[in-house]
There are 2 protein chains.
Amino acid sequence: MVEPGDWSHVTKVDPDKGMSEEKARRVAGTGTDAVVVGGTQGVTRDKVLSLLSALESGDVPVVIEPSNPASVVHTGNDLLVPTVLNAGTVDWVVGIQKEWMRIDDEIDWSRVFAEGYVVMNPDSAVGRLTDAKTDIAPEEAAAYATVADRFFDLPVVYVEYSGTFGDTEVVSAVSEAVEEATVFYGGGVDSYERAREAAEYADCVVVGDAAHDKGVEALRETVRGVQDARR
Amino acid sequence: MVEPGDWSHVTKVDPDKGMSEEKARRVAGTGTDAVVVGGTQGVTRDKVLSLLSALESGDVPVVIEPSNPASVVHTGNDLLVPTVLNAGTVDWVVGIQKEWMRIDDEIDWSRVFAEGYVVMNPDSAVGRLTDAKTDIAPEEAAAYATVADRFFDLPVVYVEYSGTFGDTEVVSAVSEAVEEATVFYGGGVDSYERAREAAEYADCVVVGDAAHDKGVEALRETVRGVQDARR
């Protein structure tokens with residue numbers, strides 16, 4: 001059983017990009033608290049299984065964040081399941097989740113952690129896909145976070161700037177509004193400094209692209225940044 | 001503190017229709033477990049306050065189900081706050097809730113109970129207002145109910161046929177799918193027989209229009225129907 005509430009640094013790896021076993025082992029050794037298998041585009045069950053197999057050898061929890069019902073695999077891993085609070089259509093708030101529950105009768109709810117996303121970068125893949133309402137003030141982002149935190153009682157509120165470093169006023173407003181959930185921040189964290197800054201506002205910093213594009217040393221630097229912010 | 005999980009019969013009264021103090025006292029005396037103040041159209045804060053004042057004299061819990069953020073009153077009553085899982089637009093799933101949380105800084109979360117609605121009558125006021133997807137099979141309604149019950153952990157799942165007696169296959173499928181929440185059923189319950197039948201499938205039967213249109217004796221008959229189903 002994983003506990004997202006205990007994490008302060010998470011590495012997100014994309015099944016569409018894949019990863020060698022050797023690199024997966026080095027990623028696990030960076031000090032990151034968990035590896036999340038998740039991406040927005042081109043995710044298939046086979047790619048997820050192949051990445052999971054590469055990650056097996058590392059000594060760190062591996063969690064799956066499915067992007068669509070068809071890519072859900074039941075491998076004993078815990079699942080982080082998104083709902084996008086500020087999506088433009090119902091599909092990404094409740095639709096794909098309903099579809100998953102309709103077609104999957106193997107769901108182990110003790111392994112499912114719901115994440116309430118507030119997607120803030122309109123140019124990101126997830127922003128375009130979900131038609132997210134990103135032109136909102138910090139207090140409106142915070143109100144979406146409160147829906148996730150208090151009305152839906154979700155364990156995770158996730159401020160997602162995917163691909164760009166976010167507005168710290170928004171992250172800060174969300175963090176102040178959230179009372180129970182763990183606040184994840186993702187987007188543009190590719191260095192010690194960025195990681196350290198993000199960790200000032202969020203409970204947990206998610207590093208995605210950097211792990212693929214900049215290598216394991218850069219990832220290790222982001223872990224250090226988060227650790228130093230926590231001192 | 002009220003406990004929707006303990007209720008088996010609830011009377012919903014509409015602020016737009018109002019009620020005399022004398023009638024309110026008689027409604028409270030029918031054996032109904034709670035009176036819910038809620039309606040879809042023409043609800044204002046003044047009408048809610050006036051109805052609450054009439055209901056004060058009865059010896060039964062009075063709960064408010066706000067239909068929009070502008071009609072929320074903080075009177076110490078508990079709040080049942082809807083989200084419509086099968087709404088056609090995001091407004092009724094998360095939008096008005098977000099708006100409420102943005103403008104109201106007096107929310108006492110210990111008094112808020114979220115209700116996950118599955119709206120099934122396309123011709124009802126709520127069906128039209130929320131553009132609900134009502135043309136769905138029982139298992140799809142059940143999947144929406146599971147989103148409310150397990151993914152969002154809502155205390156109440158509400159199958160709403162408002163104005164017409166529902167398809168018992170749908171209510172039955174929802175009841176079988178729901179594991180934690182209390183299943184409310186509403187719609188067309190205006191007699192002993194209807195109440196008794198609805199209570200076979202739902203944990204709690206909601207009687208609305210009958211209390212206004214058919215009088216207190218008819219309401220008492222619905223209480224008897226539910227009680228007999230429970231024997």
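Reader: Against which elements do the buried residues of H3(A) pack?

Author: First, the ground rules. This is a predicted model, in which local features need pLDDT of at least 70, side-chain atom pairs count only at pLDDT 80 or more, and totals for chains, interfaces and linings use all residues. Residues are numbered from 1 along each chain as its sequence is written, chains are lettered from A and ligands numbered from 1 in the order in which they are written, and side-chain values use heavy atoms, with hydrogens and water left out.

Author: Now the case. The buried residues of H3(A) pack against strand S4 (79-84) and strand S5 (112-119) of chain A, together with H5 of chain B. Helices (H or I, at least four residues) and strands (E, at least two) are DSSP runs, numbered from the N terminus.

Reader: Which residues of H3(A) are buried?

Author: They are A:Gly95, A:Gln97, A:Lys98, A:Trp100 and A:Met101. Buried means under 20% relative accessible area, exposed over 50%, partly exposed in between (1.4 Å probe, protein chains only).

Reader: How is the packing of H3(A) and H5(B) described?

Author: Two packed helices are described by the angle between their axes and the distance between the axes. Here H3 (residues 95-103) of chain A and H5 (residues 138-151) of chain B pack at about 110°, with axes 8 Å apart. Axes are lines fitted to C-alpha atoms, for helices over the stretch in contact, and angles run from 0 to 180 degrees between N-to-C directions. H3(A) is therefore roughly perpendicular to H5(B) (under 35 degrees is roughly parallel, over 145 roughly antiparallel, 65 to 115 roughly perpendicular, the rest oblique).

Reader: Which residues meet there?

Author: From H3(A), A:Gln97, A:Lys98, A:Met101 and A:Arg102 meet residues of H5(B), including B:Glu139, B:Tyr144 and B:Phe151. Contact means heavy atoms within 4.5 Å.

Reader: What does B:Thr30 touch?

Author: Not counting residues up to four places away in sequence, B:Thr30 touches B:Val216, B:Leu219, B:Arg220 and B:Val223. B:Thr30 counts as buried at 6% relative accessibility.
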